[in-house]
Amino acid sequence: MRIQRRARAVAASLALGVIALALVAGPAAAGDNSVPGQQPEPTTTTSSPEAESTAISARLIDNTTPNVKGIEGARIVVFQKGKKIGSATSDADGLAVVPLPGAGTYEVRLVASTIPDGVRLTDPDKIRLPDVIVREAQQKFVIFPFGKGSSGGGASAFDRLADLAGAGLRIGLIVAVAATGLSLVFGTTGLINFAHGELLTFGALVAWYLSSSGEGAGITLALAGVIAVLFGGALGFGLEVGLWRRLRARRTGNISMLVVSIGLALFLRSVFQVIFGASPRAYDQYAAQKSVDLGPLDIQPKGLVTIGICAVILVVVALFLLRTRLGTAVRAVTDDPDLAESSGIDVQRVILAAWVTCGMLAAAAGVLLGLNQSVEYDMGFKFLLAMFAVMILGGLGSPFGAMLAGVVLGMAFEVSTYWIANDLKTALYLGVMIVVLLVRPQGILGIKERVG
């Protein structure tokens, strides 16, 4: 009966959590998602930057030539709160200007099907620029750098698929690192922590402030990343001792604790927005790098470093769980906390270790994600659904399953964007969660439990 009650609690927690996540995220944006031919264009402009007082000026450049030249004929679409504001096609200088109705936060998208053959974005993840802040009477410039190769509709499909697989491996490993910590906490406490994304954001913000030469200490990003990981572990320690342990002492149910985690996530996200601002920023170091050709795969050096660091982190965590006494105790508490406690294991100490590890892994994932994309106040929230999908597919409470599922899902979803719109990846994450819960509730490496 205890297993049955726990299974029902987990199912109810997941359902309530996904509904809350959808409510917090808001309804899906209506209108054109920059898919050519679906809806008529409200505005098409090719004017010069001086023609309008408030506008977004996108520059598409080929940075592989000695003299930088523009990319002509690509279409830029600007949205605000899901509504299309306007679009423009780049001229011979690679300039596309979209007039704006006024100041605000906008999203700039590059329509992949309009990219000329023979070129592609240096970073395929930057085909969409969210949260571009424009002030009144300002010409806001954004840049889309291109390199050699073929774009989404180019001649070499194999090269494009290889690049997507490389990007999927990079993102999948980052998500696997973050989801492993999430799985450790769930396995030892039964808590589905909706504030886990904010732990990831915290690590990225700490590293940014420490490495920023303007507003921060200006130290190297490598040292800043190590310090951010330590701060992440300290935050996990503080949350466990100051919040979750006290709630468990009061015998607070998992559903109530889930709601607390949602409130904590909203609070931390608001604090991050006030301190950091809504505009995405990049680390000063390693912001722009030329791609390295590895056969059909073109990848930036920081992408290779990210893959290597994530692989090392996952191996270290696996060895910790398999070869150390504390790791064995963590697995024992995950399997049966009551039996582990009766065997002399200090369950509270194990849970504390799981939270510290969770904070460090989330912070490391945040630093690496910020290195490969950009640092934003809600970057962890945007990846929360992916982390839940990885945890469920790998097996609830199974850190090894989260490691495997992160790589599988990351590569599968990135490669799938060769055939489907990039914005549909979120729907795929949710679809995978539903299918796995229906077909194999215990996940890939989860243990099937008898309910009765």
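Modeller: In this predicted model, strand β3 (residues 75-80) and strand β6 run antiparallel and are joined by four bridges. Two residue pairs show where the strands meet: Val 77 has Arg 109 of β6 as its bridge partner, and Phe 79 is partnered in β6 by Glu 107. Strand β6 is also joined to strand β8 (residues 128-134), here by five bridges, and these two strands likewise run antiparallel. In that pairing, Gly 104 has Val 134 of β8 as its bridge partner.

Strand β6 therefore has β3 and β8 as neighbours in an open sheet of four strands, whose order is β4-β3-β6-β8 and whose pairing is antiparallel. The edges are taken by β4 (83-89) and β8; each has a single partner strand, so one side of each is left without a neighbour in the sheet. Direction ignored, neighbouring strands of this sheet are turned against each other by 25 degrees on average. In general, the strands of a sheet pair through backbone hydrogen bonds, either parallel or antiparallel.

How enclosed is strand β6 by the rest of the structure? Strand β6 covers residues 104-110, and six of its seven residues are buried, so the strand is largely enclosed by the rest of the structure. A residue counts as buried when its relative accessible area is under 20%.

Turning to the helices, α5 comprises residues 254-276. At 1.5 Å a residue, its 23 residues should span 33 Å; the end C-alpha atoms are 32 Å apart, which agrees. Several residues of α5 are buried, among them Met 257, Leu 258, Ile 262, Leu 268, Arg 269 and Phe 272. Phe 276 is also one of the buried residues of α5. Gly 277 follows the helix, and its phi is positive, near 95 degrees.

Another glycine, Gly 232, lies within helix α4 (residues 221-249). Its relative accessibility is 2%, and because buried means under 20%, Gly 232 counts as buried. Leaving aside residues up to four places away in sequence, Gly 232 touches Phe 202, Gly 359, Met 360 and Ala 363. The C-alpha atoms of Gly 232 and Leu 361 are separated by 7.9 Å, although these two residues are 129 residues apart along the chain.

Definitions and conventions
Residues numbered from 1 in each chain as written. Predicted model: local features only at pLDDT ≥ 70, side-chain atom pairs only at ≥ 80, totals over all residues. Heavy atoms only, no water. Buried < 20%, exposed > 50% of the residue type's maximum accessible area, 1.4 Å probe, protein only. Contact = heavy atoms within 4.5 Å. Pairing = 2+ DSSP bridges. Expected span 1.5 Å × (residues − 1). Axes fitted to C-alpha atoms, helices over the stretch in contact; angles between N-to-C directions.
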